[in-house]
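Hi,

Here is the structure I promised to pass on. My notes follow below it.

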Amino acid sequence: MLDINDFRAASGGDPEKIRASEKKRGRDETIVDKVIELDEAWRQTRFKLDMLNGDVKTFSKEVGKLMKEKKAEEAAEVKAKVKEVKQAIEECKKKLEELEAERDRVLKTVGNLVHESVPVHDDEEHNEVVETWGEMRAKTPDMKEHHDLLYMIDGYEPEKGSKVAGNRGYFLKGPGLMISLACLNMGTSFLIKRGYTPMQVPYFMKKETMGKVAQLSQFDEELYGATEGPDQAEADKKYLIATSEQPLAAYHQNDWIDKAEFPLRYAGYSTCFRKEAGSGRDARGIFRVHQFDKVEQFCLTAPENSWEEHDRMVKIAAEYMQELGISYRLVNIVSGALNDAAAKKIDLEGWFPAQGEKGTFRELVSVSNCTDYQARRLMIRYGASKVAKQATYVHMLNGTLCANTRTVCVLLETYQTEDGIQLPKPFWSYLPEYVEGKPGFIPFVREALVLDAGGHAKKRGKKK
């Protein structure tokens, strides 16, 4: 969340800057006025509480003086006043807590300050293309989409997965699994060589902690609850993670980090779980599923270095795709499509030659600079000492390197041939030799699935 002092113009804050940022996000900027109104009420109540506490001290001294002077009756009258003031203090404290809770609740709905380089629009059709790499393979009539290709190499079982796990369930098997593992292992090694510490994270988080790293809408639209029964206490509730970014963000909560340790760079590995609530897109295949594995870049830096770190993370993601031979473009996401925490987000979109009329770009990677927005709620600070007069919060950045399912999809479409998939040399040491003398080649062994009128697959048997 933002610093409450940024809303206080009298204290050097700039609420107009926040209003302008909310407007860029396509939101009602009067939310800023609501925060200021609640904060002013909180500060007035805080002042009143301080005055009441001062009265108690004054009256207490007066009682002591009167008692020394043997003026018990007068002392009793002052004691009665003390009792009244203490009651007023308790009422004031309750009101202060209520105002603070409401102010902070509204404050948490205000997004991070949008960076000046972000294109201002609410439609992603206006995302800014900043770089294009590789040759965009032209679509031909005989090309298959990734879901057909994965089935044809006997790489997954969608029907059996749906029977076991429901909508978007799948079994990844054989060459499908081997390609997936290759991508993840290559990605982890790729980051280790660039100074990242590999981390396998918890796959679920306490609700309180998740609330500090995920925005409210994610709880309903994205996150799965890990319930332990109807009588589970609210404080004990847990949620499955949607990305390793979430537990990695909380890894240093309440820490004071020595600035000499920066940058801290983690290669997070995890299985990710997402509801994809309300999404009817990509119903076939494994491009958009409820469960997948991912290697994530997560970095912490000093504020003055975070934009340089953001550029570096984007470059690393691009270099990984270049190593895989995946053609792509980098796009600067419009302000209206940014999540609350991100000040800026760059997406890497891979080229899928078999989709659409002439091929199309699809999102594979997102790299975001969240500046100090997450760190403030998690109390992650840096400096020489915990007794520093003013806390300075770290800047936190996150970015996908490899989401296994989407990377498998783009590889299959990119490297499809007439009779199979010919993967490039970086994969050869990770795969068995499916056809003798043809390293990296995975043959088609069965026909593509054909769907009946009800959308159920009709198998066509083994490929001859």
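The second largest pocket is lined by 26 residues. Nearest its centre lie Leu-2, Asp-6, Leu-113, Thr-371 and Asp-372. The volume of this pocket is about 540 Å³. Helix H1 (15-24) and E15 each give two or more residues to the lining. H1 has the largest share, four residues.

On terms: a pocket is an open set of points on a 1 Å grid over the protein atoms alone, where a 1.4 Å probe fits, with protein on both sides within 12 Å along at least five of seven lines. Lining residues have an atom within 4 Å of a point. Grid points are joined across faces, edges and corners, and the volume is the space filled by probe spheres set on the points. Helices (H or I, at least four residues) and strands (E, at least two) are DSSP runs, numbered from the N terminus.

This is a predicted model: local features need pLDDT of at least 70, side-chain atom pairs count only at pLDDT 80 or more, and totals for chains, interfaces and linings use all residues. Residues are numbered from 1 along each chain as its sequence is written, and side-chain values use heavy atoms, with hydrogens and water left out.

Now the sheets. Eight strands form an open sheet with mixed pairing, in the order E1-E11-E12-E13-E16-E10-E9-E4. Two strands pair if DSSP finds at least two bridges between them. Strand E1 (128-133) and strand E4 (197-200) are the edges, each pairing on one side only. Neighbouring strands are turned by 25° against each other on average, direction ignored. Axes here are lines fitted to C-alpha atoms, for helices over the stretch in contact; angles run from 0 to 180 degrees between N-to-C directions.

E11 (residues 328-332) and E12 (residues 344-352) run antiparallel, joined by five bridges. Val-331 stands opposite Asp-347 in E12.

- Contact means heavy atoms within 4.5 Å.
- Helix H12 (residues 404-414) lies across E10, E12, E13 and E16, at about 35° to E12.

A three-stranded open sheet has the order E8-E14-E15 and mixed pairing. E8 and E14 (residues 381-382) run parallel, with two bridges. Trp-256 stands opposite Arg-381 in E14.

Next, the cores. A nonpolar core is a set of buried Ala, Val, Leu, Ile, Met, Phe, Trp, Tyr and Cys residues joined through side-chain atoms within 4.5 Å. Buried means under 20% relative accessible area (1.4 Å probe, protein chains only). The largest core has 59 residues, and Ile-179 and Phe-427 have the most contacts inside it. Helix H10 (residues 306-324) gives the most, with eight residues. Beyond four places in sequence, Ile-179 touches residues including Ile-153, Val-408, Leu-423, Phe-427 and Ile-442. A second, separate core of 29 residues includes Leu-2, Val-82, Leu-107 and Ala-341.

Last, two single residues. Val-201 is in the loop between E4 and E5 (204-206). Val-201 is buried, at 8% relative accessible area. Among its contacts beyond four places in sequence are Ile-241, Pro-247, Leu-248 and Tyr-269. Tyr-269 is 68 residues away along the chain, yet the two C-alpha atoms are separated by 6.7 Å. Thr-209, in helix H7 (residues 207-213), is buried at 9%. Thr-209 touches Ala-250 and Gln-253, leaving aside residues up to four places away in sequence.

Best wishes

How values were computed
Buried < 20%, exposed > 50% of the residue type's maximum accessible area, 1.4 Å probe, protein only.
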